[in-house]
Amino acid sequence: MQTTLYDLSPIFQVLLIGALVASVPALWVYLRNRSSSSLSRYHALVVITLFLTFDLVLFGAFTRLTDSGLGCPDWPGCYGNASPLGATHEIAMAQSALPSGPVTHSKAWIEMVHRYMATSVGALITLMVILAWRGRKQESPFALSPWWPTATLVWVCIQGAFGALTVTMKLFPAIVSLHLLGGYVLLALLMAQVAMGAVSRAATATISQAAPSWIHRWAWAALVMLTVQAASGAWVSTNYAVLACAEFPGCQGVMWPPMDWKAATEIWRPLGLTASGDHLSFQALTAIHMAHRLLAGFTVLVLGSLAWALWKQPALKKPAQWLTALLVMQLATGLSNVVLGWPLLAAVMHTGGAGAMVMVLVWVIVASRTRPVGR
């Protein structure tokens with residue numbers, strides 16, 4: 001059965017569903033902060049949007065790990081419908097033709113829920129932009145530039161384009177990896193806005209001791225290292241290379257198994273194939289897996305040393321605690337993925353843990369560059 005990759009007929013219904021979903025947290029923010037200033041309501045909206053974006057990243061990982069990315073093989077709807085309810089016949093036909101294939105009723109719902117969540121996050125960010133530009137003349141030392149939410153809206157639109165390409169290019173590994181990394185960038189943009197508001201308010205009270213400038217530079221270096229590691233992890237996941245090694249610290253009974261680094265580093269190629277169209281070898285999958293392990297050692301060293309340095313800064317002990325806990329969780333879930341055969345919970349937590357560490361590092365970057373008022 002031939003399916004049109006792009007069918008825009010249900011786009012307004014999908015957008016409406018996303019807007020309805022977004023109206024629930026938006027109304028909750030308004031009711032809880034109706035007696036507060038407009039700036040406080042705006043900051044509350046940014047916080048809830050960050051929380052829901054983190055949930056979206058987790059659900060995106062769940063969608064990928066349950067092989068539901070092609071549960072609806074067209075975009076933005078499902079066989080030209082706004083929900084799988086209107087595509088029952090088409091899904092049943094695809095499932096009967098290939099019962100263990102990419103299209104089933106459950107996978108279609110998982111994929112469409114992911115799209116609804118993404119649309120609702122986009123709606124909330126649009127609301128942020130409207131409120132920020134409306135209040136741009138507000139006299140307040142804490143008012144963020146409206147260009148921050150505007151840049152965030154532009155980025156979420158780019159993310160939407162990558163989401164569409166993920167489906168229409170049939171889980172092309174480079175596109176799926178960029179889509180995951182784009183989710184982390186979205187978390188960073190929102191976290192920066194949350195942190196700038198929180199740190200600015202704290203600065204008027206008192207920050208007894210400003211962090212030394214090298215903490216700020218070290219945090220940036222750690223974020224770069226974490227980004228490289230996250231890209232490596234995305235490449236492992238999107239190429240299904242986790243199970244190439246089923247033990248730790250060795251792999252396939254040896255410490256250094258046979259690997260094909262040339263094929264492993266070919267970026268622009270279809271899933272499971274090389275750029276020349278041959279099947280991707282097991283040695284290439286092994287190289288992808290081992291590269292992630294090797295990078296993990298450097299990443300733990302950089303982030304662990306940063307966490308140790310942050311413990312010595314009174315104003316930064318909270319992010320130090322978070323970073324330490326997340327590092328331990330990442331090590332535990334990473335090892336679980338290998339020795340326990342890639343359990344779904346551990347895999348989702350591993351993706352979420354990387355996103356959480358991005359947020360903590362952005363928190364540190366913002367806090368370490370902010371100086372108390374009067375200094």
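Q: How many disulfides does the structure hold?
A: Two, where a disulfide is a pair of cysteine sulfur atoms within 2.5 Å. Bear in mind that this is a predicted model, where local features need pLDDT of at least 70 and side-chain atom pairs count only at pLDDT 80 or more, while totals for chains, interfaces and linings use all residues. Residues are numbered from 1 along each chain as its sequence is written, and side-chain values use heavy atoms, with hydrogens and water left out.

Q: Which cysteine is joined to C72?
A: That's C78, with an S to S distance of 2.1 Å. The torsion about the S-S bond of C72 and C78 is about -80 degrees, so this disulfide is left-handed.

Q: And is C72 buried or exposed?
A: C72 is buried, because its relative accessibility is 0%; buried means under 20% relative accessible area, exposed over 50%, and partly exposed in between, using a 1.4 Å probe and protein chains only. C78 is buried too, with a relative accessible area of 0%.

Q: What about C245 and C251, how far apart are their sulfur atoms?
A: They sit 1.9 Å apart in a disulfide. There are -75 degrees about the S-S bond of C245 and C251, and the link is left-handed. C245 counts as buried at 0% relative accessibility, and C251 is buried with a relative accessible area of 0%.

Q: What pattern do the disulfides follow along the chain?
A: Counting bonded cysteines along the protein chain, the pattern is 1-2, 3-4.

Q: OK, pockets now. How much space lies in the largest pocket?
A: About 920 Å³. On a 1 Å grid over the protein atoms alone, a pocket is an open set of points with protein on both sides within 12 Å along at least five of seven lines, a cavity is a set of points where a 1.4 Å probe fits but cannot get out, and lining residues have an atom within 4 Å of a point. Grid points are joined across faces, edges and corners, and a volume is the space filled by probe spheres set on the points.

Q: Which residues are closest to the centre of the largest pocket?
A: Of its 40 lining residues, A118, Q159, G160, G163 and H179 are the closest to the centre. The elements giving two or more residues to that lining include α4 (105-134), α5 (147-168) and α6 (173-205). Helices (H or I, at least four residues) and strands (E, at least two) are DSSP runs, numbered from the N terminus.
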